[in-house]
There are 2 protein chains.
Amino acid sequence: MLSSSRIKNIRLLHQKKYRTERNLFLAEGVKVVNELLGSSFVATEIFALPQWFARNRKTIPENVVAEVITPKELERISALSAPNMVVAVVEMPKFELPDLKKLTGFLLILDGISDPGNLGTIIRTADWFGIRYVICSRSSVEVYNPKVVQAAMGSVFRVKTIYTNLAELIKEIKDEIHVYGAFLSGDNLYKIKFPKTGIIVIGSESHGISEEVSLLINHRVFVPSLSAGVESLNASVAAALVCAEVQRKCLADI
Amino acid sequence: MLSSSRIKNIRLLHQKKYRTERNLFLAEGVKVVNELLGSSFVATEIFALPQWFARNRKTIPENVVAEVITPKELERISALSAPNMVVAVVEMPKFELPDLKKLTGFLLILDGISDPGNLGTIIRTADWFGIRYVICSRSSVEVYNPKVVQAAMGSVFRVKTIYTNLAELIKEIKDEIHVYGAFLSGDNLYKIKFPKTGIIVIGSESHGISEEVSLLINHRVFVPSLSAGVESLNASVAAALVCAEVQRKCLADI
């Protein structure tokens, strides 16, 4: 049985403030925790229903505190509206910014994505299309928000997500690398011949790419529409369409 | 001031049961209500803060009951976690299934989409890519769920969404029209030459396309991945990638 102070301690990780302070976050659900245990991320504690342990006991590293809990306890410690068998406490990793001047392939920059579901979906999509880094403005939602971790379906353990000052970063590299930004006007996405290496910038759901960052972008790209009425696409849909397009040649070769 | 019985009556429309019974649903927020008022849908009542009426009074048809409310009342009648100025009560339209044998262009079939955000995003994307009909299995989430209406950002007023028995429908037409289904294996999406007319089937978030419907699909399509670890894409992302691809020739001509 979990003591109430233990439950309180886990529940504090529902809040960004305490995640940052303790350098810990929660990963939940059968699929996500399985991906966690197969990744380089370090779990410190696992709380799960007996039926989860019956199937997964062997995959838990020895130094992880593993505790059997009741469905009621699961509900209390979970940050999700539909808890699913298991909650893990995980150490936040520290990823370093890669040397973008030596970049091969594409990476994704997110300027102010605020919806956790969108960020999670974008990380999952980046992973699918072989994009290893997602670099976020400090104004973007935190990647270890439980809803982001859930929507990313394990991809937070493979794609390296880093927060930084985007304008400073792009200023440094924009003369040496192609920087494409998704806007509501510019060059038609489906007419561009993309190079093998570059950066894709996606803006926030409500305001798009910030002015400061916009000014530093070499190529403005838009997804053409066949309808007069729609103003914009969902940010995670726009990101997916651009990611697919820059990787299209590799994808068609599979 | 709204009486408490009036508030209760509006709040009943948060629930599918009462929406169905009364043939009414709620549309909320500045953008969505503006799109509503420019559409063929019929609003019966509009409740909004004074500042909304100051800007939009002229766009309201004469026979619509329009009431100024307080922020507190807005919060009480809204079905959203972040209410935005205005709530409209809208009549549900009755859309007829089009004659699919005479179809030109593509239409989208959804088999069991359960997440309201996903359905809304798919309708918004379909609209963007000029797809006029979204046909859903009866197991799919209801299009007039407030979260669907919100995620679709006004596209529910342009794209016709119809619920029916998918297997019966596809059985009738599959010898005369190309039916493409998104699976985890099949033909590579980026190698297919699509015809000008056809149907795209997208399955549910957790189980994909149902067995019954799968058996009726002419062409199995998959979105290739450049990563070994990821099992699947978000359903609304998969739908967007397939929609873009079938319309690619038209899009590149814009």
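How are α6(A) and α10(A) oriented relative to each other, roughly parallel or roughly perpendicular? In this predicted model, helix α6 (residues 116-128) of chain A packs with helix α10 (residues 235-246) of chain A at an angle of about 15 degrees. Angles under 35 degrees count as roughly parallel, and α6(A) and α10(A) are therefore roughly parallel to each other. The axes of these two helices lie 9 Å apart, and the crossing of α6(A) and α10(A) is right-handed.

On the α6(A) side, the contact is made by Asn118(A), Thr121(A), Ile122(A) and Thr125(A). Their partners in α10(A) are Ala235(A), Ser236(A), Ala239(A) and Ala240(A).

Charged residues come into view with the salt bridges. Side chains of opposite charge can pair when their charged atoms come close. Over all chains, the model holds 24 salt bridges. One of them joins Arg6(B) to Glu45(B), with the closest N and O atoms 3.0 Å apart. Arg6(B) belongs to helix α1 (residues 4-12) of chain B and Glu45(B) to strand β2 (residues 43-48) of chain B, so this pair ties together parts that are 39 residues apart in sequence. Arg6(B) also meets Glu67(B) in a salt bridge, at 2.5 Å from N to O. Here the link runs between helix α1 of chain B and strand β3 (residues 65-68) of chain B, and the two residues are 61 residues apart. How accessible is Arg6(B)? Its relative accessibility is 24%, and Arg6(B) therefore counts as partly exposed.

A further salt bridge in chain B connects Asp127(B) with Arg158(B), whose closest N and O atoms are 2.7 Å apart. Asp127(B) sits in helix α6 (residues 116-128) of chain B, while Arg158(B) is found in the loop between α7 (146-152) and β7 (160-164) of chain B. These distant parts of the chain are 31 residues apart. The two partners can be set side by side: Asp127(B), at 0% relative accessibility, counts as buried, whereas Arg158(B), at 23%, counts as partly exposed.

Lys31(A), Glu35(A), Asp127(A), Arg132(A) and Arg158(A) are linked with Glu231(B) in a network of salt bridges.

Notes:
Residues are numbered from 1 along each chain as its sequence is written. Chains are lettered from A and ligands numbered from 1 in the order in which they are written. This is a predicted model: local features need pLDDT of at least 70, side-chain atom pairs count only at pLDDT 80 or more; totals for chains, interfaces and linings use all residues. Side-chain values use heavy atoms; hydrogens and water are left out. A salt bridge is a side-chain nitrogen of Lys or Arg within 4 Å of a carboxyl oxygen of Asp or Glu. Helices (H or I, at least four residues) and strands (E, at least two) are DSSP runs, numbered from the N terminus. Buried means under 20% relative accessible area, exposed over 50%, partly exposed in between (1.4 Å probe, protein chains only). Axes are lines fitted to C-alpha atoms, for helices over the stretch in contact, and angles run from 0 to 180 degrees between N-to-C directions. Angles under 35 degrees count as roughly parallel, over 145 as roughly antiparallel, 65 to 115 as roughly perpendicular and the rest as oblique. A crossing is left-handed if the near helix is turned anticlockwise from the far one by less than a right angle, and right-handed if clockwise. Contact means heavy atoms within 4.5 Å.
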